[in-house]
Amino acid sequence: MQYIFKKVPLFAELNEDEIAALISITTTHNVGKNNVIVQAGDDGNAMFVLLNGSVKISYYAPDGREVILSLLEEGAFFGEMSLLDKQPRSATVTTLETAKVAQIRRRDFERLLLKKPELSLKLLSEVVSRLRRTSLILERISTMDVPHRLYSYLQDYCERFGKPHDDGILIHLPTHQLIADQLSTSRETISRAISSLKKEAIITPISSREVCIDTDAIETLLLALQ
């Protein structure tokens, strides 16, 4: 368990005794695929750390359409905003696959921040980073056509989750529907755009979900928009 928590960027600088103390105030849960962990509008009395698996953060528009704000993978945390402002949950968090999460209650988390104030800076840095990504999503939707929204999305996704591989970056590509929901378009439109990138060898399939992205080519496509 200590090894898993040490991989979480928020806690990476804690020593073994501090990690052990952290583990003592957490409870872990195994959550099945497509289950809601956090519901928008609920009271927020805990934050969560994703020990394995992946989740989506979303809200529902007035017309009932789901808008996906972000995807998170192992090592990420969520639910922290309600701990900071003590307001209801601002979004819904749903598992994309079977996941394991660690839950930290508000009062225990507040004590941890008082003991380790440097965690507050890391926490604020991540919150700001997510706000910037949300702003980027809105900018994509309002100023870019669908292909360029996709190019920008792939570039950002490679920076966040990718690993070097041959002449590109290796990622687990989200489903076409998940990408479409984030870029405010249809699955069919995303499928056509991705097929085109595969024909041009900008996206190279490695396995059923893994692909290699030629990020230099993606950058060139984005520069062509300017």
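Handedness convention first: I call a crossing left-handed if the near helix is turned anticlockwise from the far one by less than a right angle, and right-handed if clockwise. Helices (H or I, at least four residues) and strands (E, at least two) are DSSP runs, numbered from the N terminus.

Bookkeeping: this is a predicted model, where local features need pLDDT of at least 70, side-chain atom pairs count only at pLDDT 80 or more, and totals for chains, interfaces and linings use all residues. Numbering runs from 1 along each chain as its sequence is written, and side-chain values use heavy atoms, with hydrogens and water left out.

Entry 1, the helix pair. I looked up H5 (residues 118-143) against H6 (residues 146-161): their axes come within 9 Å and cross at roughly 160°. Axes here are lines fitted to C-alpha atoms, for helices over the stretch in contact, with angles from 0 to 180 degrees between N-to-C directions. H5 and H6 are therefore roughly antiparallel (over 145 degrees). The crossing of H5 past H6 is right-handed. On the H5 side I found Arg 133, Leu 136, Arg 140 and Ile 141 making the contact; H6 brings Arg 149, Ser 152, Tyr 153, Asp 156 and Arg 160 (contact: heavy atoms within 4.5 Å).

I found His 29 in strand S1 (residues 26-31). His 29 counts as partly exposed because its relative accessibility is 33% (buried is under 20%, exposed over 50%, partly exposed in between, 1.4 Å probe, protein chains only). Ala 102 is 73 residues away from His 29 in sequence, yet their C-alphas are 6.4 Å apart.

Conventions:
Angles under 35 degrees count as roughly parallel, over 145 as roughly antiparallel, 65 to 115 as roughly perpendicular and the rest as oblique.
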